[in-house]
Amino acid sequence: VTGQDASVEGLQNILLGYQCGTVYKNTNLEADAASKLAIALINGEDGSGLATATVPDSVTGKDVPSALATPEWITKDTVSKVIADGFATAADVCSGDAAKVCTELGIE
């Protein structure tokens with residue numbers, strides 16, 4: 001079983017061995033890229049230095065300049081990354097049955 005978005009429940013399931021991993025994107029990175037692109041457009045710039053990739057438009061088929069965030073695969077050994085990024089708190093993730101595993105992994 002896998003997951004998407006590194007939810008607290010999903011992270012707990014990973015720690016407990018019920019789920020092998022989850023796909024995680026640091027939304028702070030996405031928001032930062034979006035705000036920088038918006039500011040560039042407001043300033044009359046095209047944002048081409050920020051849009052470093054392209055994605056095909058599903059209607060026209062044309063490549064659209066894009067700023068893409070790289071998803072990360074989170075496993076038991078990397079759950080702490082999600083907490084360090086502030087996407088979840090140790091208090092939430094390390095509750096109930098997951099508390100013992102957090103202690104073993106040094107997640108605080």
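Reader: What should I know about the model and its numbering before we start?
Author: This is a predicted model, in which local features need pLDDT of at least 70 and side-chain atom pairs count only at pLDDT 80 or more, while totals for chains, interfaces and linings use all residues. Residues are numbered from 1 along each chain as its sequence is written, and side-chain values use heavy atoms, with hydrogens and water left out.

Reader: How do you know how many helices and strands the protein chain has?
Author: Helices (H or I, at least four residues) and strands (E, at least two) are DSSP runs numbered from the N terminus, and by that rule the protein chain has five helices and five strands. Their order from the N terminus is β-α-β-α-β-β-β-α-α-α.

Reader: How does the radius of gyration of the protein chain stand against that of a compact globule?
Author: The radius is taken over C-alpha atoms, and the globule rule is 2.2 Å times the number of residues to the power 0.38. For 108 residues a compact globule would come near 13 Å, but the protein chain has 18 Å. Along the principal axes, the C-alpha atoms fill a box of roughly 55 × 30 × 15 Å.

Reader: What makes C94 and C102 a disulfide?
Author: A disulfide is a pair of cysteine sulfur atoms within 2.5 Å, and the sulfur atoms of C94 and C102 are 2.0 Å apart, so the pair meets the definition. The link is left-handed, with -80 degrees about the S-S bond. A search of the whole structure finds one disulfide.

Reader: Are C94 and C102 buried or exposed, and what is C20 called by the same rule?
Author: Buried means under 20% relative accessible area, exposed over 50%, and partly exposed in between (1.4 Å probe, protein chains only). C94 and C102 are both buried, whereas C20, with a relative accessible area of 46%, is partly exposed. Of the 108 residues of the protein chain, 25% count as buried.

Reader: Which residues of helix 1 are buried, and what do they pack against?
Author: In helix 1 (residues 8-15) the buried residues are G10, L11, Q12, I14 and L15. Contact means heavy atoms within 4.5 Å, and these buried residues pack against strand 2 (21-24), strand 5 (72-74), helix 3 (79-84), helix 4 (90-93) and helix 5 (98-105). After helix 1 comes G17, whose phi is positive, near 85 degrees.

Reader: Why is S66 called buried, and what is T54 called?
Author: S66, which is found in strand 4 (residues 63-66), has 13% relative accessibility and therefore counts as buried. T54, which lies in strand 3 (residues 53-56), has 46% and therefore counts as partly exposed. Leaving aside neighbours within four places in sequence, T54 is in contact with D63, V64, P65 and S66, while S66 touches A51, T52, A53, T54 and V55, with residues up to four places away not counted. T54 and G10 are 44 residues apart in sequence and 31 Å apart in space, C-alpha to C-alpha.

Reader: Why is D97 called exposed, and where is D97 found?
Author: D97 has 64% relative accessibility and therefore counts as exposed; D97 is found in the loop between helix 4 and helix 5. The C-alpha atoms of D97 and N13 are separated by 9.7 Å, although the two are 84 residues apart along the chain.

Reader: What is noted about the phi of D5 and of A6?
Author: Most residues other than glycine have a negative phi. D5 is not a glycine, yet has a positive phi of about 85 degrees, and A6, also not a glycine, has a positive phi of about 50 degrees. D5 is found in the loop between strand 1 (2-4) and helix 1, and A6 is likewise found in the loop between strand 1 and helix 1. D5 is partly exposed, with a relative accessible area of 47%, but A6, at 2%, is buried.
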